[in-house]
Amino acid sequence: MKILLVEDDQRLAKLVARMLQKELYVVEWVDNGEDAYSYLDTEHFDLLILDWMLPGKNGLEISAKLRKDGYEGPILMLTARDGVDDLVKGLDSGVDDYLVKPFEFKELFARIRALSRRSSRKFEHDCIQLEDLEIDLNQHLLKKDGNQLPLTPREFQVIELLARNRNQALSKEVIMERVWGWDSDISYNTVETFIKLLRKKLDPSDMKRYIKTVRGVGYMIEDPHV
């Protein structure tokens with residue numbers, strides 16, 4: 001599951017992102033509405049976590065604009081405002097759920113799971129088809145010729161990241177940051193090992209059939225139909 005976190009409190013944002021990554025979510029973090037619009041225009045996210053108080057446009061304005069523009073993804077609002085009128089304003093702006101600061105992370109995770117279930121029912125066929133591969137983004141499954149391939153959660157995160165950004169070369173640094181997080185202590189060798197394992201599972205007879213190496217840049221999945 002890929003989450004866009006919009007929070008201008010750097011300390012809180014890093015903590016939330018780190019805790020989400022420990023739960024194996026892929027997290028991108030921005031601190032303002034304009035960057036959020038840019039990310040949502042160019043990438044797919046399964047959930048938007050949006051702070052109310054932001055520089056420039058606040059969370060209510062961002063949510064309202066996104067809904068007006070046709071954005072249908074789930075939005076979870078974070079705020080210190082806990083009045084009934086504030087809750088109504090948030091829901092009327094288009095957010096799906098509302099979490100008051102300070103909060104327990106177990107409650108945040110529970111709300112994310114609930115929003116994910118609602119979203120999965122709404123978008124039952126959210127998958128990426130690549131030749132004979134089918135990547136089910138809701139169920140976190142990878143199938144080849146209809147048969148499920150056994151992947152670890154981290155392996156699925158890597159293939160999901162490459163598939164969502166197909167035809168775009170991603171560096172090892174980008175893969176490390178988006179899959180393991182900013183503060184991880186893994187090395188480039190870890191990324192190389194995961195790519196090798198994925199290639200072997202995808203097609204042991206042709207290791208580079210699906211995941212290409214772009215010399216001097218990183219790795220890429222090609223899709224001529226996109």
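1. Four bridges join strand 7 to strand 8 (residues 141-144), and the two run antiparallel. Strands here are DSSP E runs of at least two residues, and helices are H or I runs of at least four, numbered from the N terminus. Two strands pair if DSSP finds at least two bridges between them. Asp136 stands opposite Leu141 in strand 8. Four residues separate strand 7 and strand 8 in a hairpin, and His140 in the turn has a positive phi of about 55°.

2. A note on the basis. This is a predicted model, in which local features need pLDDT of at least 70 and side-chain atom pairs count only at pLDDT 80 or more, while totals for chains, interfaces and linings use all residues. Residues are numbered from 1 along each chain as its sequence is written, and side-chain values use heavy atoms, with hydrogens and water left out.

3. Strand 7 (residues 133-136) also pairs with strand 6 (residues 127-130), antiparallel, over four bridges. Leu130 has Leu133 of strand 7 as its bridge partner. This hairpin has two residues between its strands, and Glu131 in the turn shows a positive phi of about 55°.

4. The largest nonpolar core has 27 residues; Ile135, Val158 and Ile211 are among those with the most contacts inside it. Such a core is a set of buried Ala, Val, Leu, Ile, Met, Phe, Trp, Tyr and Cys residues joined through side-chain atoms within 4.5 Å. Buried means under 20% relative accessible area, exposed over 50%, partly exposed in between (1.4 Å probe, protein chains only). Contributors of at least two residues each include strand 6, strand 7 and helix 8 (188-202). Helix 6 gives the most, with six residues. Apart from this core lies another, of 21 residues, among them Ile3, Ala17, Leu76 and Leu99.

5. Which residues of helix 2 (residues 33-42) are buried? They are Gly33, Ala36, Tyr37 and Leu40. Seen down the axis of helix 2, the buried residues fall within an arc of 100°, so they line one face. The arc is taken from the directions from the helix axis to the C-beta atoms. Glu34 and Thr42 are exposed on the other side. The cover over the buried residues includes strand 1 (2-6), strand 2 (26-30), strand 3 and helix 3 (59-68).

6. Asp51 lies in strand 3 (residues 47-51). Asp51 counts as buried because its relative accessibility is 4%. Its contacts (heavy atoms within 4.5 Å) include Asp8, Thr79 and Lys101. UniProt, in an unreviewed entry, places "modified residue: 4-aspartylphosphate" at Asp51; such annotations may be inferred rather than shown by experiment.

Technical notes: Lists of a residue's contacts leave out its neighbours within four places in sequence.
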